[in-house]
Structures are given as C-alpha cells and as structure tokens.
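Hi there,

Here is the structure I promised to pass on to you. Please open it beside this email, and then read on for what turned up in it.

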Amino acid sequence: MSRYYIGLSTSGHDPSFCIVNSDGQVLFAEATERFLQDKRAWGVMPDHISHIESVLKPLISKDNKAEFIVATSWKAVKEELPVQISDALLPASLGEWIRHQQGYVQARAGNHCRMALGERMLGDVRHYDHHLCHAANALYSSPFTDGLCLVLDGEGEVGAASLFELNDGALKRAWRSWGPGSLGALYGWLTELCGFSTRHGEEWKVMGLAAYGQADEHLVADIKSIIQVDSGRLQLSDKERIREVVTSLQRLARKPEDSILSQARLAMSAQQAYTELVDQILDDIKTQYPQAANLLLSGGCALNSLYNGRIRRQHGYEQVHAPPAPADDGNSLGAAILAWAEDNSASRLPSGYLSPYLGSTIASSDIEAVARYSGLTVTTLPDEHAELVANELASGKVIGVARGRAEFGPRALGNRSILADPRSPEMKDRINAIIKGRESYRPFAPALPEELIQDWFDDAHPSPYMSFALPWKKEKRAFAPAVVHNDGSGRLQSVSPARSPWFHRLLHAFADITGTPVLLNTSFNVMGKPIVHSAHDAISVLMTTGLDAVLLDNHYIQKKR
C-alpha cells in the first residue's frame, strides 16, 4: 500500500494541485490556469476534475494499491474569520469578492478528489495555516536548512507578514502580523493607480516601468506613511492619514488618454517606498537575529525580483532563496508537504529539491498528430540537437520551446520558453511586435550558464528561477542589449547542468557560435494568456504570431514559406 498526499491551493485565485509520495518527494505540481488556459483561473477548483484525473489515472494504473490524503492551503474559510475588511486602499468590494472566492473554493476543495478517488481518499480534507504553507513550499527547494523564512503577501489568516525560524530543516513561527496592514495590498493599490490591474496580477508591470522614472521623495514619504513597521510587523496607519494620502495620490491615477510612460515617476516612487518598507522589516529582523546567515523569501511579494536582487548586498545575508512558485499557486506544494510531515511525525521538512520541472509533459500522440495533419514542416531532430537549435537562434530565428516537464511557477525556465538571440537591440521590439503583443518598456530576461554569471553580473549569485534582478557589468551590456533593462539590470536565470542539462548545452552551443553565452528567455505565450500547456496551444501561437518555429520535444516545426 502506497500513500500519497495531494495539496490544493485554495485562495480562490491561482489554484493548483501537487502530489507528494510517501518519501516526501514531489511527484507533480501544476497551476490550473495552464490546463484551462485561463489566466489566474479565478474561482476555479484546484482539483478540477479533468485536470486532476489526467494525473491520477496514470499514477493509479501503476500503483493499484495507492491511497491518498488531501490537504488545503488555508486553515479556515476567510469569510468565517473575524477579519476586518479594509477599504482604505483597494475597494472593499474587491476585498469581499476575493474572500467569497476563497470561501467558495476552500469549503468545497476535495470534492473532485473524492469523486476521482472514491475509497482511496482517506479521511476528511485537512487544512493548514496559509503562511506555514508558504514557508514549507520555500523550504522544499531551499539549498540550506538553517536561517530564517520571511513570508510577505496580500493576506493570511490574520495578517500579511510572518517570520519563521529555520533550524535543521524544522520551521517554527517567530512572529506574525495581525490586522489589515499589507504590502501586497499596498502594491496592488499602486498598480491600479499606474493604470494596471491587480486582479490580472500586473504588479510586475509596475516593476518594469519603474526603471524609466525617478523616485519623488515626497511621493515616497506619503506612500510609506500608509503602513507602519513595528518590530518587523505591519500595521495600517490611522484612517485620517490614509485618507489624506489616498486623496492626494488619486489625482495621479492614469487616465485613458495618458501614456503608460507618464506613470514612470509614480511607478518608481512605488517601488522605492516598497523597498524602504521591506528594508525596515529586514533591519528589524537583523536586530532580532543578528547571527542569521540565510534567508528564505515566500509569499506573493517574493515575486518582486527588483527588490530581491538587492537583499544580499544591502542586508548581508550569505544566501537568499525564493522558490520557483512563491505566490499562492505554490502553496499546494506546502500543504502536501505538511500533510506528509503530520503522518510521519517529521519535524524536519524535506528540502534541497531544486528542480522546478514538476508539471505536465507534451503528449506524444498530440505531437504525432501535428506532424501528420498540420501541413507544417516537421523535422525529427537527433537526441543531441542543442547545436542545431543554437544555429537556428544565431541566424536570427525566434523559437518556441515546449520540451520535457513544464515549470511549476509563473516563469518559463527553458522548458516552456520563447528563445531568441539577444545581441541585437532590435530583437526586443521585434518579439514585442510580432509575438508577445505587449508594451515596449517591459524587459526580457537573460539566461546564462550558472558557472559564467560572475563574468557578466555584479553581485552575481545563483538565480535559477529568475527571482533576482541583478546589475549587468557595464562592459558586458553591449553584448546582449535586448535583455538589458533601462536601469542596467537583468532578471537573471542562472542555468545549471544538473537542473537543466539541455538548456545548459544550448547556451554553450550558442556561445561557441557567437561568443555570447546569453539567450533571451520569455514565457511561451501571448499577452493575456497562460503559458502553453499542450501541443495544440504551442501550434496556435506559432500560427497566429510571427514566431519562426516551435520545438516540441525533439520535433522541430516550421511554417511553410
């Protein structure tokens, strides 16, 4: 008899599920939005019946004695908690709507699992603390087992910040915030002022836009005054002060006729205020734990790669780690791990599992159907085909890659990526215009072999999941202008041969041809859609954009000219 643990992310947005085996290892983890091709999948059950059956049926066919425990990423239904909804920043209607989405999903999560599993599903659905799920998720991919774990997000059961001590792989909560003070909500409000949508998760557009503006010290001071930091914990200021600031800044909200770049000063001021507030939290933590050498980051705020990139040099930690899925989609992994730990009386949680490639593969039958019926030019490449693809990229082609298992988390890391040659500054505009259809100010990310990043970046350190925006060395910027942002930074992906051998070989093959070991790496999707999930999704992008070719496993597919 084998026991498996299914974790469900039940925030009401960004649903996902994860399966952990009896040894505490993740077998599968994937966001529902990929399967449904519905961005963020608001209100959808994380155990969507077709999605979860597509994974459980093959598993059970190999292990007919399998039994399952199901767990969620929240301790309770938020609607039932005595939490005051604050409408100081985002509208109360949005807060209520989010709580209803969470309540609906949390109360019903597991129903589809029971339908799919019948008597194989043991007992009632278990529920775990939201921030503890974030911490367990971060620890699973952590290269260290001692230090601290800081969780910052929009909202937990009682607040939006938690600190955990990490000792030999065991997590112990040190403190948490109580009340509505939230850096996630603050940044979401500023995202709306800049003319973007927090419901669509467009906070990262503010980060990209910030590089085109200068921070206004008065704006920064006003924004900071909304939230007080007390011994690391967050609290909202008094209502009168918040009302003054909101009224003042509302006049800066982008109007339909305004250009996006007109909001660059506000975006940079927002990022600067966020930076100074998190600096205050980390300074307080340094006072509380002066000997701590390592820091885990988790929660949605850990997606702020622009801030993350300065933590080591500003706060003196030896290692800083953020998981590939630090936001609520990653919490299915945390819930599954906590359920496993409860059954195994394990105070020490699993860690050191660095691969982000935990999702679905492309069905070979779908690839065969494309080859047979699409009318496209399909070439089957030899197993060692990195050199062939490198030659195509060096010739200027833009290629969509869907091979191996999909990444868990919001970032494409070589297995569901669009890749291109970054040596021409025009490549960025070309991809934006003919494929991505997105705003010209937004940067693309660079991928480099892990062992070479010291030669190309200042303050270089491993960034396997694009979690850190680091400054390029000035003398290297001209070699890859399409992936150097306006402020001289790059949201680095360091590629190791252990985690991603094919992508590592591709980067070296490209360097052998061009002398530049850097590729432009952006997610394999079009604006507003999730990253591709199937062969059909990939071919749809190929046929409806200016993409030159698609690599589906080892099948190279081109349009007929």
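Strand β14 (residues 399–402) and strand β20 (residues 549–552) run parallel and are joined by 4 bridges. Within that pair, Gly-400 stands opposite Val-550 of β20. Before we go on, two notes: this is a predicted model, in which local features need pLDDT of at least 70 and side-chain atom pairs count only at pLDDT 80 or more, while totals for chains, interfaces and linings use all residues. Residues are numbered from 1 along each chain as its sequence is written, and side-chain values use heavy atoms, with hydrogens and water left out.

Strands here are DSSP runs of E with at least two residues, and helices are runs of H or I with at least four, numbered from the N terminus. Two strands pair if DSSP finds at least two bridges between them.

Which strands make up the open sheet, and in what order? There are 9, arranged β13-β21-β20-β14-β15-β19-β16-β18-β17, with mixed pairing. β13 (377–380) and β17 (468–471) are at the edges with a single partner strand each, so one side of each has no neighbour in the sheet. On average, neighbouring strands of this sheet are turned by 35° against each other, direction ignored. Helix α15 (residues 386–394) lies across β14, β15 (416–420), β19, β20 and β21 (555–558), at about 150° to β14 (axes are lines fitted to C-alpha atoms, for helices over the stretch in contact, with angles from 0 to 180 degrees between N-to-C directions).

Now look at β16 (residues 445–449). All 5 of its 5 residues are buried, so the strand is largely enclosed by the rest of the structure (buried means under 20% relative accessible area, with a 1.4 Å probe and protein chains only). Ala-445, Ala-447 and Pro-449 point one way, and Pro-446 and Leu-448 the other. In a regular strand, side chains alternate between the two faces of the sheet. β16 pairs with β19 (residues 519–523) in the antiparallel sense over 3 bridges, with Ala-445 opposite Asn-521. β16 also runs parallel to β18 (residues 489–495), joined by 3 bridges, and there Ala-447 stands opposite Gln-493.

Finally, visit Glu-165 in strand β7 (residues 161–167). Glu-165 is buried but has no salt bridge, and the nearest side chain of opposite charge, Lys-172, is 4.7 Å away (a salt bridge needs a side-chain nitrogen of Lys or Arg within 4 Å of a carboxyl oxygen of Asp or Glu).

Enjoy exploring!

Conventions
Buried < 20%, exposed > 50% of the residue type's maximum accessible area, 1.4 Å probe, protein only. Lys, Arg positive; Asp, Glu negative; His and termini not counted. Contact = heavy atoms within 4.5 Å.
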